[in-house]
Amino acid sequence: MQTGGEAVAYRGKQLAQLAGFEHEKATDERLDEWLSACEEDDELMGDGYSPEVVNVRETRRSFDKERKVPASLVKAYSEAQAMSKQAWSEARAEDDFGKFEPWLKKMVELCGERAKCWGWEDNGEAWDALGDEHEQGMTARMVSGVFEGLREKLVGFVGEIMEAMKNGRGPSNRFHEAEVPVKRQRGFVERVARGIGFDFDRGRLDESGHPFCLPLHRDDVRMTTRYAENMVNDALGSVLHEAGHGMYNQGVPGGEHVGTPYGDAMRLSVHESQSRMIENQVGRSEGFWRWCYPVLQEECGESVAGLSFEDVYEGANRVDASLIRVEADEATYNLHIMIRFELERAMMNGDLSPGELPGAWREKYKEYLGVEVPNDRVGCMQDIHWAQGALGYFPTYTLGNLLCAQFYEAAERELGGLNEQFANGEFGGLVAWLRDNIHRHGMAYRAEELCARVTGEGVEGGADALMRHLEGKLRPIYGV
Ligand code: ZN
């Protein structure tokens, strides 16, 4: 049962009040003085990536951003978020886009106002100001530059796979159809999470409708997954993904750095690169399944006894052009993101009115994924992001996938033989490499700096790295 409309309106006002208080604290003029005093201290600011410099830099960045938005807009935005999420949730349940449309329009307008407060470069556009909130320095031009080349390659490659499937090639559906009692799934996924290196002395695994990972502290990292009898692969994939986030959170600098930017993890693409690496580069590899197949047999017993190694390994790599982003496989996932980026950019630029969204959504799904969208519930209303004003967020998922492909290639170059290590249940080599190259630096390096340091190349190399990863694995499975 949904909370009633009146209650939501009241809750919205409470949240707006809190957002106002928070804004007041975060924009206290004394902060500006203290930051300036630090910035003028040459000795303190000497080393470009010391904890002090990183803390001053990041605090300055959030202070300046916060100060540019007037309190009235902070409150209006926060209140609208609560109302809009509620409208979205009802509209989605009833498959009635008309109910959500005025709120979408409102959120796009408010995002436009926020963007104006923050500003953007002369040759840029409003989307850039929103993108920068989620990924420092991310612009629409940069994102579309990366996406356009990748899109063509992905559409072609996914098309080849779909064609092969029509001709009866590719994995069996048996792993996806296996019915495994939830109790046994719990034991299975927990053993896997432990095996790959999630530290249960400093974290835990629970259940929720939408899986997430919440770091209260580096020593108290809480992640969740979800279970359904016929979705053991989904429960596992979610645990691997969240454990990737979780191990990053467990590996950031501790001690005196806790609670400071230096002791925090990078958002958002770098964080996503860590979850995707455990979920995809590790958890869908042949080596991983050499180790995990007997674990699955032991923990899940009879219900999976009839599955062969190929059923499971290839089944975990099944590609299917589908409607729903969160259920998408590795190969089609980024096409879902590209569609959202193109549409939100068009809405921000005024080239697409919110009312035209359902039609535009259908066209793009047909064009990129070859699927017909039967209704808006599984179409443009499937994600909560726009309902809560998170425009400029989606591309960070794909940028995370690209960084991940680059990081993994670098790890393989340095460590060698990762697939064989996984087959022996040895994940410590990779995790130690991630700790050393990524986790322990906290927020010291931005995504592109980190990429250059770790891989020796720029982020523009990500698209090719991702295609090498996908083609290297999926071509043999599909015989294409
Ligand atoms: Zn994630």
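A residue counts as buried when its relative accessible area is under 20%. In this predicted model, Phe 394 has a relative accessibility of 1% and is therefore buried. Tyr 397, with a relative accessible area of 13%, is buried as well.

The rings of Tyr 333 and Tyr 397 meet edge-to-face, because their planes stand at 90° with the centres 6.4 Å apart. This pair joins distant parts of the chain: Tyr 333 belongs to helix α14 and Tyr 397 to helix α16 (residues 395-415), 64 residues apart. Phe 394 and Tyr 397 form a tilted pair, with 6.2 Å between centres and 45° between planes. Tyr 333, Phe 394 and Tyr 397 are among the members of one aromatic cluster, which also includes Trp 361 and Trp 386. The charged end of Arg 340 sits over the ring of Phe 394, 5.5 Å from the ring centre.

Beyond its close sequence neighbours within four places, Phe 288 touches residues including Val 192, Leu 240 and Phe 422.

His 245 lies in helix α10 (residues 232-251) and Glu 272 in helix α11 (residues 269-282), 27 residues apart. His 245 is buried at 11% relative accessible area, and Glu 272 is buried at 7%.

Note on methods. Residues numbered from 1 in each chain as written. Predicted model: local features only at pLDDT ≥ 70, side-chain atom pairs only at ≥ 80, totals over all residues. Heavy atoms only, no water. Contact = heavy atoms within 4.5 Å. Helix = DSSP H or I, 4+ residues; strand = E, 2+ residues; numbered from the N terminus. Buried < 20%, exposed > 50% of the residue type's maximum accessible area, 1.4 Å probe, protein only. Phe/Tyr/Trp six-rings, centres within 6.5 Å; stacked < 30°, edge-to-face > 60°. Lys NZ or Arg CZ within 6 Å of the ring centre and 35° of its normal.
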